[in-house]
Amino acid sequence: MSRATEDRILVIEAQAETRRHMCEYLAQLGYQVDQAGSGAEGLTLLGTEEYGAVLYDAAADEAGEPGVPEILAEHPDVSVVVMSASPSVKGVIASLRGGAFDYIIKPYEIQDLAQILPRATGRSRENRSRRELYAESFSGTGKLDVSGGGGQPETIVGRGVTVGD
């Protein structure tokens with residue numbers, strides 16, 4: 001992930017005033033910020049840009065909008081931080097089990113975002129790097145290429161599983 005991608009944050013927040021304040025603060029921290037007022041709008045933006053993290057208002061979930069599982073199904077590398085003004089233990093657990101990176105309870109200290117976002121964008125970067133390495137390692141053959149790029153793939157044996165020809 002490029003530094004520009006890592007610094008790009010998508011804010012999905014139903015409340016326009018809250019969204020505006022968040023975006024202003026994140027811009028002051030040096031992030032490039034895009035915003036969406038609904039989960040559906042957010043999914044559209046996720047289809048056009050790569051983001052270091054998504055800040056997602058759980059109220060969109062309650063309104064039947066696409067939620068964390070839908071976002072991650074289409075964009076598995078991005079870290080999603082869920083925000084909620086009326087959290088329930090069941091909702092928090094569901095979000096985290098659904099793949100959310102973190103969960104913030106509103107009202108929150110805006111500085112909390114300054115602490116969470118570097119970790120969230122770092123996780124997104126690691127996820128993308130791991131996916132790219134995996135794609136390069138298998139080179140579309142379905143076999144792990146450990147030849148160093150020039151010769152026959154070697155056979156690797158580990159835990160009773162043989163990989164190779």
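Here are legends for a few close-up views of this predicted model.

Residue numbers start from 1 along each chain as its sequence is written, and side-chain values use heavy atoms, leaving out hydrogens and water. Because the model is predicted, local features need pLDDT of at least 70 and side-chain atom pairs count only at pLDDT 80 or more, while totals for chains, interfaces and linings use all residues.

**View 1. The open sheet has 5 strands in the order β2-β1-β3-β4-β5.** The pairing is parallel (strands are DSSP E runs of at least two residues, helices H or I runs of at least four, numbered from the N terminus; two strands pair if DSSP finds at least two bridges between them). At the edges sit β2 (32-36) and β5 (102-105), each pairing on one side only.

**View 2. β1 meets β3 (residues 53-57).** These two strands pair in the parallel sense over 4 bridges. Look for Ile9, which stands opposite Ala53 in β3.

**View 3. Helix α2 spans residues 16-28.** Its buried residues (under 20% relative accessible area, 1.4 Å probe, protein chains only) are Arg19, Met22, Cys23, Tyr25 and Leu26. Seen down the axis of α2, they fall within an arc of 165° (taken from the directions from the helix axis to the C-beta atoms), so they line one face of the helix. After α2 comes Gly30, with a positive phi near 100°.

**View 4. Asp7 sits in the loop between α1 (3-6) and β1 (8-12).** Asp7 is buried, with a relative accessible area of 16%. Leaving aside residues up to four places away in sequence, Asp7 touches Gly30, Tyr31 and Gln32 (contact means heavy atoms within 4.5 Å).

Terms used:
The expected span of a helix is 1.5 Å times one less than its number of residues. Buried means under 20% relative accessible area, exposed over 50%, partly exposed in between (1.4 Å probe, protein chains only).
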